[in-house]
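Please consult the sequence and the structure shown below while reading.

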Amino acid sequence: MSDRTMTRQVLLFISVLSLSSVHGQVSYSIPEEMAKGSLIGNIAQDLGLDIKRLKSGKARIYTGDSAEYIELNKERGVLLIREKIDREALCGQTTPCALDFQIILENPMEFYSITIEVTDVNDNAPVFIKSEMKFRISESAVTGAKFALERAMDLDVDINGLQSYSLKPTDNFILKLQNQPDGGKTVEMVLQKPLDREKQEHLSLILTAIDGGEPQMSGTVQIHITVLDANDNAPVFTQGIYKASLRENSPKGTVLISVRASDSDQGSNSKIRYSISNSQDGNHELFEINEDDGGVRLVGNIDYEKARQYQIHVQASDDGGLTDSCKIMVDVVDENDNKPAINVMSKSSVISEDIKAGTVVTMINIQDPDSGENGNVQCAINENIPFIMKSTSVNFFTVVTDSDLDRERASEYNISVTCSDEGVPSLSSSVTLTLQISDVNDNAPVFERSLYEAYIIENNTPGLSIFTVNARDDDWNQNARVSYILEDSSVNGASISSYVSVSAVSGVIHALRSFDYEQIKDFQFRVKAQDGGSPPLSSNVTVKIMIQDQNDNAPQVLYPVQTSSSLVAEMVPRSADVGYLVTKVVAVDMDSGQNAWLSYKLQKATDRALFEVGLQNGEIRTIRQVNDKDTVKQRLTVVVEDNGQPSRSATVNVNVAVADSFPEVLSEFTDFTHDKEYNDNLTLYLVLALAVVSFFFIVSIIAIMSVKCYRWRRERMFYKSNGNLPVIPYYPPLYADVGGTGTLRHVYNYEVCGTADSGKSDLKYVRPYSQSIISLDGTQTLPHAQRDTLINDNGDNQQKPPNADWRFTQGQRPGPSGAGGPPEMAMGTGPWPNPPTEAEQLQALMAAANVSEATATLGPGTMGLSTRYSPQFTLQHVPDYRQNVYIPGSTATLTSNPQQQQQQQQQQQQMAAQHQALQAQPSEAAPQPEPPKAAQTPASKKKSTKKDKK
């Protein structure tokens, strides 16, 4: 076993012992250049994994984007070298060099990080970039002179890298090494013995670079030294003064002359270099000299007008620093290199088209810096224009009109003035003069096309710009200002202005509505273009708009017809062969073009292996022989899809009955139901509807019962009162204040029919009355002479008939002003109205039931009205002036004098005694009379009708 193999095994053993304690991570160390298939380590043992786990987990190596140098043998659970590893190619000079990768397992998913350190092997020798190095050293070089040498390169690192240098022979030079901050070393060759060219003109040395590897490797380079001669002779020019001529504007790079000098020395001392020495004259910017052959070239621009002669001082020097000089005289030859300059002294920018011929429009001055023939200038203008050029004096010219102008032929003129000198070659310059011609409105606008056609996709957004019409007018300014007008026309009975609009300025046509291809496919209208001249001129053009179809309509299935009330099924006999035509799905699409191209696909089927649908014709055919095992009920769902973008589709359900007789089909299809999803949705909707209806029904029943209970309670309170209701004295029912000075106006009279249910009470408004009195039924008017006949026969206390005139005085009227009264009123003998009838008493009792809550706090014999009944609710009987009066809707109380209050209390006590006497009688002798019936009002009639029905 070789020493190198032993070393690798030792390193591998040490690496395995130094496994990372972290779970799932293993490190190895191997030398580079191991052969393919070499063993790195037992990864299964090192990771504590079973080989079966590697196989079942599909173990694999993941290296990312880097090359795979390692492979995993799952049969043995070991890592092997897949490709030979070159440490220098992998890591370069980086140390340590590590190769990281992961081993991934599945079921369950795990991964382990593996690090392999690649150690360096001394497999690269030091190498010099150049194969040889050359030096030229003068024989006069002093001892101790240093000459830097190129360093060698070694791709290996650490001890295997470059370690030392050696130089042989060492007769004249020795080697000196210096350490650098970056760890490298500089190599210098130091002269330790003077050179003598006469003894030895060439020297050859060997420089060797040695590394520290085992075995040790080295590289060499040969150094060639040429000993130069010492300089003891100066260069000498062949002439002291050189002469040359140069034409101005010569191109750069033109060679003027070549100067030459010689040197008697040999070798490098005889090599001469040439240079221009007079840099202060600026000649170095115009001329340059070849330092090797002495050729002088032009590098700048030569102008005869600036300088006609140049002097160039040239110096020759050898390598030893000895020099000589000479002078070059350069004569410049003039050339015609200046163009004539055209200066416009005066010009007219705008002229009228009716200007007279011979009018001066422009004056020009010409200048040429050249002299002689090069300065003689001739000028001319372009042809075929109504202008000519005349010379007035030397270098002065004018441009005049030559004929009548017409702006319709040319709205402006560009006059090109060209001036040329007489030089060779001739130089010229030109200038363009622009003249505007004022306009007269004699041209109508002209459209670019005789007919405009534009396309717009349906379902467009209102306000969308369709396209632009454009008309031009050859006139100028206001006369050429075009306005666009939409001519009135109709499309399908509607004005064209409801379809499109035209911008008066830009001619942009906008859509004012969203178009529908199915309703209108195209329409046309006319647009008028009118200029702004006086009078204005105009022209018309026809515009045709074509609507493009858009896939906005889904296919509609015509057959089979889908109905919810009846079930339609196609019959297929069991003897049907392959390709039997079951039915055909017929569908149409309102769109056009490819949007109406329909394709048919089978989406769902009870037995997909039995039927197929024609892609283009929608025919449903059998794709195999029908057998007895096929179910009778077959349901197919066909999707009809158009070819639009995006496409739209519709579905149709086709029921197919596989049977030979109609009774068999009928028995099978009697229980044919819809899809489960449809049934589930229908059941859900029915349950929700039933719950909502039940909820509202229960709420309605509760509301009705509540109202019935409330009304029943009110009625029970009324009938069980048995005369215990508050006693309401009788007051004049037809009271009217004729004086017009009291708190109540006499010109209005209100009649209220009150019931136990205040919601059914009636209010009657009667016109104003004078001194006449209305009868109880409100059908006739009685004068004062007949009111004595209205006497209540059932009254127990007969009152005195009223006087012929019972108007009240100011003291007797209700209110604060009636504090005092006549003596007969204090004694109870004053005028008093007739007693009430039974109907009037019932109305009073019913009104009292409605206002019992408001009168509960009042004293006996006092009547009040709650503010919630005012002003809509008012009793028919006006309160007596001898009582307190409560005005509905007000907090004011009108109180009578104390005598009137005492009289009211006495009357109330008498009525209470009568009431108690009636209650004391036995029920057998005199049954309790029913409450008197009031005159029926509309509200009371309705209530009585309901009671009679009950």
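A disulfide is taken here as a pair of cysteine sulfur atoms within 2.5 Å. In general terms, a disulfide is a covalent bond between the sulfur atoms of two cysteines.

The model is predicted, so local features need pLDDT of at least 70 and side-chain atom pairs count only at pLDDT 80 or more, whereas totals for chains, interfaces and linings use all residues. Residues are numbered from 1 along each chain as its sequence is written, and side-chain values use heavy atoms, with hydrogens and water left out.

**Disulfides**

Two disulfides are found when the whole structure is searched. Counted along the chain, the bonded cysteines follow the pattern 1-2, 3-4. The two pairs are set out below.

| Pair | S to S distance | S-S torsion | Hand |
|---|---|---|---|
| Cys91 and Cys97 | 1.9 Å | about 65° | right-handed |
| Cys379 and Cys419 | 2.1 Å | about 110° | right-handed |

The bond between Cys379 and Cys419 ties together parts that are 40 residues apart in sequence, because Cys379 lies in strand S27 (residues 377-381) and Cys419 in strand S30 (residues 412-421). Helices (H or I, at least four residues) and strands (E, at least two) are DSSP runs, numbered from the N terminus.

Burial is judged by relative accessible area: buried means under 20%, exposed over 50%, and partly exposed in between (1.4 Å probe, protein chains only). By this criterion Cys91 is buried at 17%, and Cys97 is buried at 2%. In the other pair, Cys379 is buried with a relative accessible area of 16%, while Cys419 is buried at 0%. Two further cysteines may be described in these terms: Cys326 is buried at 5%, whereas Cys709 is partly exposed at 45%.

**Backbone geometry**

Most residues other than glycine have a negative phi, and most peptide bonds are trans.

The peptide bond from Thr95 to Pro96 is cis, with omega near -10°. Pro96 belongs to the loop between helix H4 (87-91) and strand S6 (97-105). A cis peptide bond also leads from Val424 to Pro425, where omega is near -5°. Pro425 is placed in the loop between S30 and strand S31 (428-438).

Lys58 is not a glycine, yet its phi is positive, at about 50°. The loop between helix H3 (51-56) and strand S3 (60-62) holds Lys58, which is exposed at 51% relative accessibility. Asn249, likewise not a glycine, has a positive phi of about 65°. Asn249 sits in the loop between strand S16 (241-247) and strand S17 (255-258) and is partly exposed, at 42% relative accessibility.

Where is Asn338 placed? Its position is in the loop between strand S23 (323-333) and strand S24 (341-347). Asn338 is buried, with a relative accessible area of 19%.

Contact in the wider sense means heavy atoms within 4.5 Å. Leaving aside neighbours within four places in sequence, Asn338 is in contact with Glu305, Asp368, Pro369, Asp370, Asp421 and Leu427.
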